[in-house]
Amino acid sequence: MEIKKGIAVSPGICIAKSLIIDSEDYRIPRRSIEPTQRMIEIQRVKNAFKDATRELTRLEAGQEASEQRTIKDIFAVHLRFLRDRSLQKKIANLVRSELVTAEYAVSTTLREIAAHFTKVKDPYISERAADIYDIERRLLRQLLGRKREDVEHLTEEIAVVARELSPTQTAGFNKRFVKGIATDAGGRTSHTAIVARSLGIPAVVALEDFTESISGGDTVIIDGNRGIAIVDPDEQTIRQYEKYSFEFTELEHRLDAIREKPAVTRDDVKITLLGNIEFPEEAELVLQKGGEGIGLYRTEFLYLNNPSEPTEQDHYKAYAETISVFKHRPVIIRTMDLGADKYTQSKRLAPEPNPFLGLRSIRFCLQNLTMFKRQLHAILRASVLGEVEIMFPLITNVQELMHAKLILRDVMDDLDEEDIAFNKNVQMGIMIETPSAALTASTLARDVDFFSIGTNDLTQYTLAVDRGNEWVSTLYSSVDPAVLRLIRTVIQDAHKAQIELHICGEMASEPEYIMLLLGMGVRTLSLAPPMIPEIKQIIRSVTIEDCNSVARKILGMNSERQVSNFLRDATRKILPEVF
Ligand code: PEP
Ligand code: MG
C-alpha cells in the first residue's frame, strides 16, 4: 500500500481498478510488469513497429504524386529506423531484463539514441535527433492509441490515472464508468479539474510521481475530499474508505433535500446561486441542484470536443438547448475562451512560448473575426428564446472592450439587415480576470451591464503562478491578500457604478470562502453545479453581520496562511461534515 498526497479538486471517493493513460508528449514513467507479462509487452512492441511501418509506408506512397521530395526523404529515413531489427531487439531486451512496460522501453531506448546523436559534432547527424523523437512519438501513439480507445469503450468501472489530462480528454469521459481521476500534474483551478468537478467525478491532482508507483489494473482509492490517492490499499483501509464514501453520499442526499429552499442568510439577505457549465446537458444538473440560472457557460468546449469547427447552427442548437432549461432565468453565454491550455496550441504550426500570456480568449477572437462573428450571430439569434446575456472573457483594457462591442454592434446590424429577430437590449458584461482589468474597473464599468470576477485567472495573473502547474501550487491562493485587495476594488467599483457583480471563478465553489465573499458585498455566485447544495447550506447558516465581521478581520490580515486558517476554522464551525 502506498499513500500519496495531492490537491483535492473534485469531492467524493472512488475505489476501483486503475486504467493508466500516458501521453506521448511527456516522459513515460518507469512502470514495472510481472515476469509473466514479458511476452505480452514484447508482442506489443512488435505490433507497434508493424503498425507504425504500415502507417508510414502509406504516408510515403501518398507523397508520390506531389513533388515533395524532402518529405519523402524524411519518411524513408524513418522507415529505415523502423525496419532495423537491432532496434526492436534492443527494446525487447530492455523489457525482458528490466521488467518494464513496452511504452517505457520504447521511450527510453529512443531517447537514449537521440541524446547520443545530439552530442555528435557533425550537424547532419545531430539534426537526426529530431527524427528519432518523431519515431518515438509515432511508436507511442501506436501503443497508447489502443488505451485511448479503451477509455472510449469502457464496460466496467475504473479510475483514470495519468500524468496529465487535457480538458478535452476529461470532458470525453463517460461518468458511468470513470469513477475517479488521479493525475501527477495540475492545480486546483486547472481546466481539467474544473471539468472533473462539473462531471461530479472525484479527482485528485498534483500527485507528482504517482504514475510511477502504479500499474494498470492495481486497485486505487481516490479521495477527492482529502486530496489523497492510495495504491494497493489493505483490507482495513478499503473498509475505512467504504465508510467514508457511505457518509459522503449520505451528506449529499441530505444537502440535496434543501434544493427547494431559498439561498437566504439567517438575516434574510437573498443570494443568487447560478451554475457554471461546459455543455448544454449540464444545465439540467444546475436545475436539479437548485441553481437559478447559468452564470458562466464556457462555450469553447463546443470546439474542444468537435473534430471540425462548429457551424453557426451547432452554436445555436447548443444555446437553445441550454436556454430551454432556464427560459425565464439568466443564461450568461461567455464567448469562446480558446487559447492557453485549450485547443489552439495543437492547431498552431509553432506553439506559443507563453500561451497563458499569448493569443488567448478575447484576443484570439478579435484576430479571428469570422469565427467570432459566427458565434455572436448565433448567440443573438438565441437571445429571443430567453434571458440571454453575453460575456466577454479576459478583457484587459478599454480599447479591447470597445473593439469587442464594435464587433457585436456589427453583427447586430447584420441581423437587422437579414431581418432576423434578436434582443436589442441584450445584457453585456465582462469577466474581470487580470490585474489590469481590476485596477481599471471604474472605467470599464461605464460601458458594461455587469462584471463577473474570474478568480481562477485573476489569481494566476496577480500572483504570477500558473494555475495548472503542480510545482508552484502551494503559491496559488485566491485568498492571498494581493488578490483580495483587487477583488475588493472591483466589488466597490461595481457598486459605485450600480452594475451587477458576480463571482464565477472556483472561489465561489469553495465552502471556506463564502462568508468572506458575502462579507465583501458579493450577492451573486456562479459555481460548479455539484457544489450548489453545500454552498447554499453555508449561506442559510450565517448572517450577513457575521460575514461582515469575518471580512473586516480578513482584510486586515497580511498573510495568506493567516487568512486560510481563519476561514477554515470559521467554516468548520458551520458545516463540520465537509471537513
Ligand atoms: C476564471 O478564470 O475564474 C474563470 C471562471 O474562467 P476559466 O476558469 O474558464 O478560465
Ligand atoms: Mg478565466
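Biologist: How many residues surround ligand 1, and which are the closest?

Modeller: In this predicted model, 16 residues surround ligand 1, and the closest of them are R298, E433, G454, N456 and R467.

Biologist: Which parts of the fold supply at least two residues of that shell?

Modeller: Helix α8 (191–199), strand β10 (294–298) and helix α19 each supply at least two residues of the shell around ligand 1, and α19 gives the most, with three residues.

Biologist: OK, and which N or O atoms of the protein lie 3.3 Å or 3.1 Å from an oxygen atom of the ligand?

Modeller: For G454, a backbone N or O atom lies 3.3 Å from an oxygen atom of ligand 1, while for T455 a backbone N or O atom lies 3.1 Å from an oxygen atom of ligand 1.

Biologist: How much of the ligand's accessible area does the protein cover?

Modeller: On its own ligand 1 has 290 Å² of accessible area, and the protein covers 100% of that.

Biologist: And where does ligand 1 sit?

Modeller: Ligand 1 sits in the largest cavity.

Biologist: Switching to the metal, what coordinates the magnesium ion?

Modeller: The magnesium ion, which is ligand 2, is coordinated by E433 through OE and by D457 through OD, at 2.0 to 2.1 Å. E433 lies in the loop between β13 (427–432) and α17 (435–439), whereas D457 lies in helix α19 (residues 455–463), so the pair ties together parts that are 24 residues apart in sequence.

Biologist: Are those two buried or exposed?

Modeller: Both E433 and D457 are buried.

Biologist: Now the backbone: which residue other than glycine has a positive phi near 55°?

Modeller: That is L99, whose phi is near 55° although the residue is not a glycine, and L99 lies in the loop between α3 (85–98) and α4 (102–119).

Biologist: What about L394, what is its phi and where is its place?

Modeller: L394 also is not a glycine and has a positive phi of about 50°, and its place is in the loop between β12 (387–392) and α16 (398–417).

Biologist: Why does L394 count as buried?

Modeller: L394 counts as buried because its relative accessibility is 1%, and buried means under 20%.

Note on methods
Residues numbered from 1 in each chain as written. Chains lettered and ligands numbered in written order. Predicted model: local features only at pLDDT ≥ 70, side-chain atom pairs only at ≥ 80, totals over all residues. Heavy atoms only, no water. Donors = N, O, S within 2.8 Å, 3.2 Å for Na, K, Ca; no water. Helix = DSSP H or I, 4+ residues; strand = E, 2+ residues; numbered from the N terminus. Buried < 20%, exposed > 50% of the residue type's maximum accessible area, 1.4 Å probe, protein only. Near = heavy atom within 4 Å. Polar contact = N/O pair within 3.5 Å; in protein donor to acceptor, adjacent residues only side chain to side chain. Areas by Shrake-Rupley, 256 points an atom, 1.4 Å probe, with all protein chains shown as cover. 1 Å grid on protein atoms, 1.4 Å probe; cavity = no way out; pocket = protein on both sides within 12 Å on 5 of 7 lines; lining within 4 Å. Sits in = over half its atoms within 2 Å of the grid points.
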